[in-house]
Structures are given as C-alpha cells and as structure tokens.
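Subject: Structure handover

Hello,

Please find the structure we spoke about below. My notes on it follow.

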Amino acid sequence: MAYNITLILGDGVGPEVTEATRRVLEATGIKFNWDMGEVGTDAMQKYGTPLPASVIESVRKNKVALKGPVTTPVGSGFRSVNVALRKELELYVCLRPCKTYPGVPSRYQNIDLIMVRENLEDLYSGIEYERGTPEAAGLIKFITDSKRGVIRPDSGISIKPISEFRSKRIVKFAFDYARSNHRKKVTAVHKANIMKFSDGLFLACAREVAKGYTDIEFEDRIIDNMCMQLVQKPELYDVIVAPNLYGDILSDLCAGLVGGLGIAPGANLSENLAIFEATHGSAPKYAGMNKVNPMAMMLSGVLMLRYLGEKEKTQRLEKAIAAVIADGIDVTYDFKPASPEKAVGTSQVADAVIRKYRQG
Ligand code: NAD
C-alpha cells in the first residue's frame with residue numbers, strides 16, 4: 001500500500017528542506033505517491049493565482065500534505081498562501097511541539113512544550129481597511145458616531161474577531177491532546193485585561209471547557225507575562241493554547257528555547273485533514289545554498305508518519321534524527337555555533353539521517 005500525499009515544495013529554502021525530508025521518509029521503506037502542488041510566486045506567474053484550486057483539491061482528496069514554507073510579500077502583494085490554505089481547508093489547529101533533543105546548542109535543557117495555536121481567526125482574519133480608503137473612512141465614521149472612541153483619519157485598521165465556537169473548539173483540542181498524550185496541564189494565553197470582548201471571550205471559553213477536564217490542571221496567563229515566564233521558567237509549562245497571533249509569536253519563542261527554527265516542526269489539522277510544515281519561513285537569504293537545517297521539516301515528516309499510524313517507523317526515524325544531533329557531526333551551521341566552518345549542508349544532513357535509520 002502507498003500513501004497519497006500532496007507535496008508542496010514551497011519557495012526560498014522550501015524545496016531544499018522538503019526534498020531532504022522526502023528522501024528520509026522514503027528511506028523508511030514506506031511507499032508514497034507524491035501529488036505535487038505548486039503555490040506562491042511561481043504559481044502566480046503560471047496560473048495567475050498564488051494558490052491554485054487544484055492544490056486545494058489535491059489536499060482535500062489525499063487528506064494529508066507535506067508543505068515547505070512559502071514567502072508572503074510584506075506590506076503589499078498577495079496575501080499569505082499559508083493562511084489561505086488553512087482557512088480554505090478549515091485547518092483550525094496549529095500544533096507545534098517544542099522539545100529539547102540532547103546535543104542541540106541551546107541555553108535551556110529538558111524543554112518539552114506543546115504549543116496549540118488557533119489557526120483561523122483573530123488578527124489573522126485578513127479583514128483589513130487600508131489607510132485613506134473610503135472603506136476605512138466609513139468605518140472610522142461609524143466608530144466615531146457610535147461614540148466607541150476616536151480613531152485618527154490617517155489610520156489603517158485590522159479586525160480581530162474571536163468567536164465562542166472557535167475558542168471552545170481549540171481549547172477542547174488542547175485538552176483532548178493533553179489527555180491522550182499524558183500531559184498534566186493546559187495554560188490558556190490571552191490579553192483579556194485589555195481586550196475584554198475578544199480575548200475576554202477566549203478566556204471565558206477556556207475556563208468553561210476546562211470544567212469538563214477535571215483530570216487536567218488548567219491555568220491562564222496574560223501574554224506579556226507568559227513571554228517572560230517562558231524565558232525564565234519554561235519547565236512550569238506543558239500544553240499552551242492561544243489565539244492565533246499570540247500562538248504565532250509564542251511558537252517562535254518556544255522554538256528559540258529548544259535550539260531555534262531549525263528544529264521546530266508543526267502540523268495544521270482539522271477533523272479529517274492535515275498539512276505538516278515546519279514553523280520556520282522561507283528564509284530567502286539562504287535559498288539555493290544547501291545550508292539551512294532540514295530537521296524542522298523532517299520532524300514535521302515524523303509528525304506525519306505518526307498521524308498516518310506508522311508507529312514503529314515514526315519512532316525509528318525520530319531516533320535517527322536524534323542520533324545525528326547527538327553525534328553533532330553532520331549538522332548544519334545553526335547547530336555548530338562555535339565552528340560553523342565544520343557545518344554540513346541540508347542534503348548531507350539527510351544522508352546522515354538515512355545512514356542512522358539503516359543502522360536502526
Ligand atoms: P524565517 O523563518 O524564514 O527565517 C528567519 C531566520 O530564521 C532565518 O534568517 C534563519 O536565520 C533562521 N532559520 C529559518 N529557518 C531555518 C532553518 N531551517 N535552519 C536554520 N535556520 C533557519 O522568517 P522570516 O525571514 O521572517 O520570513 C521569511 C518569509 O517566510 C516571509 O515571506 C514569511 O511570510 C514567510 N513565512 C512562511 C511560513 C510558512 O510558509 N508557513 C512561516 C513563517 C514565515
């Protein structure tokens with residue numbers, strides 16, 4: 001039997017880390033039919049859209065995708081393909097495990113955190129009003145007329161919707177995950193002291209959902225305090241659940257705790273679809289250099305194997321990656337801060353992981 005998987009190479013360093021990952025996945029002996037999907041700038045030039053409908057259809061059909069990072073133009077140009085894919089497919093969970101692998105150079109040891117980020121609403125809703133447009137002026141007038149406050153006429157506005165349904169759904173996911181993975185605590189992150197109707201709703205929903213899980217400890221933290229606590233006492237935390245933007249920022253913070261973006265995997269999930277991708281972006285300055293760490297993407301591949309139910313091979317592949325890290329020889333520059341000249345390239349890391357896998 002072969003798994004049909006949509007494979008999106010992405011751009012920037014995407015094709016390199018995705019190819020390295022494809023190679024290690026195939027070295028497990030599991031058979032894959034890769035259904036190639038093209039998105040981003042290249043797709044824009046070829047098909048007039050950065051996210052062709054055929055790619056969405058492919059993920060719907062195959063139900064599982066492995067995806068490299070895709071560049072989003074800053075400030076102007078097309079909107080994020082990554083966000084659009086998650087929305088289109090209702091991939092409401094962004095799951096990002098962050099754990100220390102022995103041998104990774106980091107200020108911290110023994111970190112084992114799970115970041116659960118709501119993926120579909122909050123300031124990522126994409127509902128924005130550009131400065132100086134009649135729409136922005138209309139909204140500013142409405143807000144002024146309704147005496148909610150004063151917004152300067154030269155403002156741009158981004159809308160932050162937080163719903164009861166989606167808040168409860170993501171917190172429930174976090175608790176279910178905690179329960180089935182023998183985790184002890186869920187921490188909900190918010191800024192409910194300031195944004196009472198959006199983050200306040202998220203917190204109220206979290207508290208209500210928590211009542212149904214008396215076997216799991218629950219607490220909440222204000223986002224700014226949470227950032228400090230994670231830097232000072234990360235061992236206090238276990239599963240963290242947050243609305244979209246805080247979840248995005250905390251994911252990178254947690255990646256920093258365990259050695260950086262080169263080792264931070266992720267999954268975007270719905271009830272029946274999954275796209276596996278690293279936390280990191282397309283790192284354009286390293287594109288085509290065979291330089292960046294493919295392990296974040298490989299570990300996303302490990303999450304994919306686990307999702308597919310390939311238990312034994314999942315463990316063996318993770319062990320092989322961990323062994324390459326522990327040896328500290330065939331690793332990229334980010335894992336060799338003291339002697340970057342001894343670092344190997346992206347594809348050599350894949351060779352080393354395959355060798356370790358074969359040794360068992
Ligand atoms: P980035 O994650 O691409 O890179 C930031 C820095 O992190 C890099 O310069 C590099 O020093 C380090 N880094 C990233 N990946 C690494 C790896 N695999 N190995 C070693 N070091 C690594 O973030 P950015 O520069 O802010 O974003 C670049 C582009 O990627 C933007 O267009 C952004 O929108 C996009 N992006 C895409 C995704 C996605 O596809 N899911 C996620 C985040 C950012």
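What percentage of the 360 residues in the chain is buried? Buried residues make up 52% of them, where buried means under 20% relative accessible area, exposed means over 50%, and partly exposed is in between (1.4 Å probe, protein chains only).

Two points on how to read the values. This is a predicted model, in which local features need pLDDT of at least 70, side-chain atom pairs count only at pLDDT 80 or more, and totals for chains, interfaces and linings use all residues. Residues are numbered from 1 along each chain as its sequence is written, and side-chain values use heavy atoms, with hydrogens and water left out.

Overall fold

The chain has 12 helices and 12 strands; these are DSSP runs numbered from the N terminus, with helices being H or I of at least four residues and strands being E of at least two. The radius of gyration is 21 Å, close to the 21 Å given by the globule rule for 360 residues, so the chain is as compact as a globular protein of that length. That radius is taken over C-alpha atoms, and the globule rule is 2.2 Å times the number of residues to the power 0.38. The C-alpha trace spans about 70 × 50 × 45 Å along its principal axes.

Of the contacts between residues at least 6 apart in sequence, 75% join residues at least 24 apart; contact means heavy atoms within 4.5 Å.

Surface and charge

The chain has an accessible surface of about 16,600 Å², and carbon and sulfur atoms account for 54% of that surface. Accessible areas come from the Shrake-Rupley method with a 1.4 Å probe, and for residues only the protein chains shown count as cover.

There are 47 positive and 42 negative side chains, and the centres of the two sets lie 2 Å apart. Lys and Arg count as positive and Asp and Glu as negative, while His and the chain ends are not counted. Each charge is placed at NZ of Lys, CZ of Arg, CG of Asp or CD of Glu.

Cysteines

The structure holds zero disulfides, a disulfide being a pair of cysteine sulfur atoms within 2.5 Å. For C94, the closest cysteine sulfur is in C98, 10 Å away, which is too far for a bond. C254 is in no disulfide either, and the nearest cysteine sulfur to it, that of C98, is 5.0 Å away. C94 is buried at 3% relative accessible area, and C254 is buried at 1%.

Backbone

Most residues other than glycine have a negative phi. Two residues are worth a look on this count. E90 has a positive phi, near 55 degrees. E90 lies in the loop between α4 (81-88) and β4 (93-99) and is partly exposed, with a relative accessible area of 30%. A283 also has a positive phi, near 35 degrees. A283 sits in the loop between β12 (274-276) and α10 (295-308), and its relative accessibility of 28% makes it partly exposed.

Individual residues

The contact lists here leave aside neighbours within four places in sequence.

L273 is in the loop between β11 (267-269) and β12 and is buried at 7% relative accessibility. Its contacts are V59, R60, K63, L89, L91, N268 and Y307. L273 and A188 are 85 residues apart in sequence, and their C-alpha atoms are 25 Å apart.

R183 is in the loop between α6 (164-180) and β8 (185-190). What is the burial state of R183? At 15% relative accessibility, R183 counts as buried. R183 touches D112, I114, A178, I216, D238 and V239.

T187 is in strand β8 and is buried, with a relative accessible area of 0%. It is in contact with E219, D220, R221, M226, Y237, V239, I240 and V241. T187 and E135 are 52 residues apart in sequence and 38 Å apart in space, C-alpha to C-alpha.

T71 is in the loop between β3 (64-67) and α4 and is partly exposed at 29%. T71 has contacts with D11, F78 and S282. The C-alpha atoms of T71 and V39, 32 residues apart along the chain, are separated by 9.8 Å.

Regards
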